[in-house]
Amino acid sequence: MTIYRITMMSLGVSAFLMGFACNDAWANDTNILGNIGLNTVPSARVDDMGTMRLGLGVSEPYAHSFLGLQIAKPLYIQLRQTSQFENVKDGATRLYPGLDFKYQLFSETKNRPAMALGINSALGHKKMSSEYIVASKRKGDFDFTLGTAWGRLAGKGHLKNPLNAISSHFRESRDYNSESAQNIDDWFTGEEIGFFGGVQYHTPFKGLSLKGDIGGYDYQNEARLINSYDAPSPWSVGFNYTPEFKNYKPASFSAGIIGGEQVFARLSFQGNLKNYLGRGARQDAPTIIHSPRRNYKGENTTRLDLTSYLPAAKQIGRTARTLSNQAYPDDENLFIALRYKNIVGPDITIPRANLENAVLNKTSSPEEIWHSATFTDPKIKFLTFRDYLNEYPIDHYESEIIFDNKLSLSEDDSGVLFRNALIFNYEKILPWGLQAGFSPRFNLLSNTPFKTLSTSGRQDEALFANNPVSLDKAYLSWLYSINQHLHIQSTIGYLEEQYAGVGGEVLYRPFGKRYAIGAQGWHVKKRNPTEPMATELQDESNFTGHANIFYELPNQVTTVFVKAGQYLDNDLGGTIGIQNNFDNGVKLKAFATATNKKDVSIFGGQTSLYGGLQLTLPIGNIPFIPENTKTRLTVAPIARRTGQILDTPNKLYELTEPVSYRHLSQSWSHLLD
């Protein structure tokens, strides 16, 4: 991909990000690699959780396109594609993809600087690989940074690597031109470490700052390999400008010189996903509560079946309004039994007077109602067919439209591998915990290279992408909640685009606790992508299964998860990841997997690691688009054999989220919407 095409892609997506707000008085900006920092070096600064960045940095002989996400309060993750060029007007001669991250160890206090640990190319090519520990401290209008680094960022080096005292392993040097992948074994290696530092001055002119740093990247390797290239000295000066539009700071631009010889420039766009306006459902007026109370002979208790594209508290509040209007005048409490796709949640008791005072007199608030409400264990009963018909109309079903996009950074001539499809999901809730699903998939565009047919893994994904219309899923599930803490499910059928089979899952997620544990196992067969609709099954069967642990970070929408078990290529290993479910419907996930088998990396080497990012945005507020419509972007290596997890139709942790204590408490501010 040429630098021009990378720039156009960045500018195109930036138009979409203009709907976000970034209201920090001292808005962060990035260096040329996309890491928050000065000109060429990182700082210890991180963004507000949910911030997304997209941009392009250029300094001869490299251009760096990047997509970064502040996926948790201390953790910033970035996908970067570095292009090497001889002339900025021409296409790239080499591509060096990488996944970078920064973890803030301490935030800044009055007497302590902020400190962070970061790794460039934690996964990816060694060309830009480095590890660093950095501290930053603000003093008036100045922000000072000082750090120590291993690898490329260490430059020529200043001291012997102190980790050599622990093991001779850390003395090993990295060949930045090798075609082997950067692995964990390469982290913090090298005979020497280097120091870097700099300062940023925020001028009186709004949005304008000046930057200077020293000790960053070492260009001696480029001078040896590229004719007529003069390596600049390791210092730089430049400026950054972040314009503000009515408290919006959607873009940032910086430029300057490196070593008095090279020019650099960087353009980025940023915004916070928490402020994303494309919510999954249109806004409408809530039910009006009658005052004084009317003597309806109705029921003041009901089963509420939640939908996935509205905050649970908003649905609870609107149901409570209806119950208040239907209740007898002397009924003082409203009772709501929560359910989501046959998953049982708590029974909620809301004082009727508190709700009416909040709606009619404005003398109460959602917070007061939260403290007066009670959550009790549900009374689970088995529904007869007549009960089912009374509780569900015969046309009770849920539909969903997904615009599915996959991208993979690559060192191939194509630069970026991609595929996209349009998926229509239909689900029907049946009696006794049963659920049927059907999902046709319409494959649109793809440039994924073809590989031979396989019976495991996903290395033949291009064959599936080339099938114009296929059956994504067709299944029958049974979901049952033993109580509001313990849930089980079993599913049979076409489980995902590439596999069919049978299996199940169990999850223990105690209400009011931050942890959940579970396990799943599946007996599957690979589907034949060369047949119409990919419905034919191949002969060989595989078993895949994992033990799962989930932990909710306190007072956040963030969940850390760990999976360990057997993957689709019969490889053994584990996955660690982090995911956010914002109350506006945005979902964000990052993961990394390591197994006991190696696979071809995205730039031709061998690696046992696999990682990526996934972003899901609801777009149901766009006119003429159904409410439960979303676009999903997955950035990860395509057509992988190892480290692949089955994408089952029902995942118990996701199904229990709408009725979880965390979601109810964090969405409660929407009770009166």
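**Exercise 1. Is Arg-45 buried or exposed, and what is its relative accessible area?**

Solution. Keep in mind that this is a predicted model.
- Step 1: look up the area. Arg-45 has a relative accessible area of 8%.
- Step 2: compare with the cut-off. Buried means under 20%, so Arg-45 is buried.
- Step 3: find its partner. The side chain of Arg-45 meets that of Glu-108 in a salt bridge, 2.8 Å from N to O.
- Step 4: Arg-45 is in the loop between helix 1 and strand 1 (51–59), and Glu-108 is in the loop between strand 4 (94–106) and strand 5 (114–124), so the bridge ties together parts 63 residues apart in sequence.
- Step 5: check the other end. Glu-108, at 26% relative accessibility, counts as partly exposed.

**Exercise 2. Work out where the model's confidence is lowest and where it is highest.**

Solution. 
- Step 1: get the overall picture. The protein chain has an average pLDDT of 84, and 87% of the residues score at least 70.
- Step 2: Helix 1 (residues 3–17) has the lowest confidence, with a mean of 41, while strand 23 (residues 499–508) has the highest, at 97.
- Step 3: look at the start of the chain. Over residues 1–24 pLDDT stays under 50, and the model has 46 contacts beyond four places in sequence for this stretch.
- Step 4: decide how to read it.

**Exercise 3. Trace what Arg-509 does with Glu-657 and with Tyr-653.**

Solution. 
- Step 1: start with the charge pair. Glu-657 and Arg-509 meet through their side chains in a salt bridge, 2.6 Å from N to O.
- Step 2: see how far the link reaches. Glu-657 belongs to the loop between helix 8 and helix 9 (661–666), Arg-509 to the loop between strand 23 and strand 24 (515–527), and the two are 148 residues apart.
- Step 3: check burial. Glu-657 is buried at a relative accessible area of 9%, and Arg-509 counts as buried at 5%.
- Step 4: turn to the ring. The charged end of Arg-509 sits over the ring of Tyr-653, 4.0 Å from its centre.

**Exercise 4. Describe two stacked aromatic pairs, Trp-478 with Tyr-480 and Phe-550 with Tyr-653.**

Solution. 
- Step 1: count first. The whole structure holds 16 aromatic pairs.
- Step 2: take Trp-478 and Tyr-480. Their rings are 5.7 Å apart centre to centre, with 5° between the planes. Trp-478 is partly exposed at 34%, and Tyr-480 is partly exposed at 34%.
- Step 3: check burial. Both Phe-550 and Tyr-653 are buried.
- Step 4: Trp-370, Phe-375, Phe-511, Tyr-661 and Trp-668 make up one aromatic cluster.

**Exercise 5. How many salt bridges are there, and which residues form a network?**

Solution. 
- Step 1: the count comes to 32 salt bridges.
- Step 2: pick one. Glu-496 and Arg-458 meet in a salt bridge of 2.8 Å, N to O, and both residues are buried.
- Step 3: name the network. Salt bridges link Asp-404, Lys-406, Arg-419, Arg-441, Glu-461, Asp-472, Lys-473, Glu-497 and Arg-632.

Conventions
Residues numbered from 1 in each chain as written. Predicted model: local features only at pLDDT ≥ 70, side-chain atom pairs only at ≥ 80, totals over all residues. Heavy atoms only, no water. pLDDT = per-residue confidence, 0-100. Helix = DSSP H or I, 4+ residues; strand = E, 2+ residues; numbered from the N terminus. Contact = heavy atoms within 4.5 Å. Phe/Tyr/Trp six-rings, centres within 6.5 Å; stacked < 30°, edge-to-face > 60°. Buried < 20%, exposed > 50% of the residue type's maximum accessible area, 1.4 Å probe, protein only. Lys NZ or Arg CZ within 6 Å of the ring centre and 35° of its normal. Salt bridge = Lys/Arg side-chain N within 4 Å of Asp/Glu carboxyl O.
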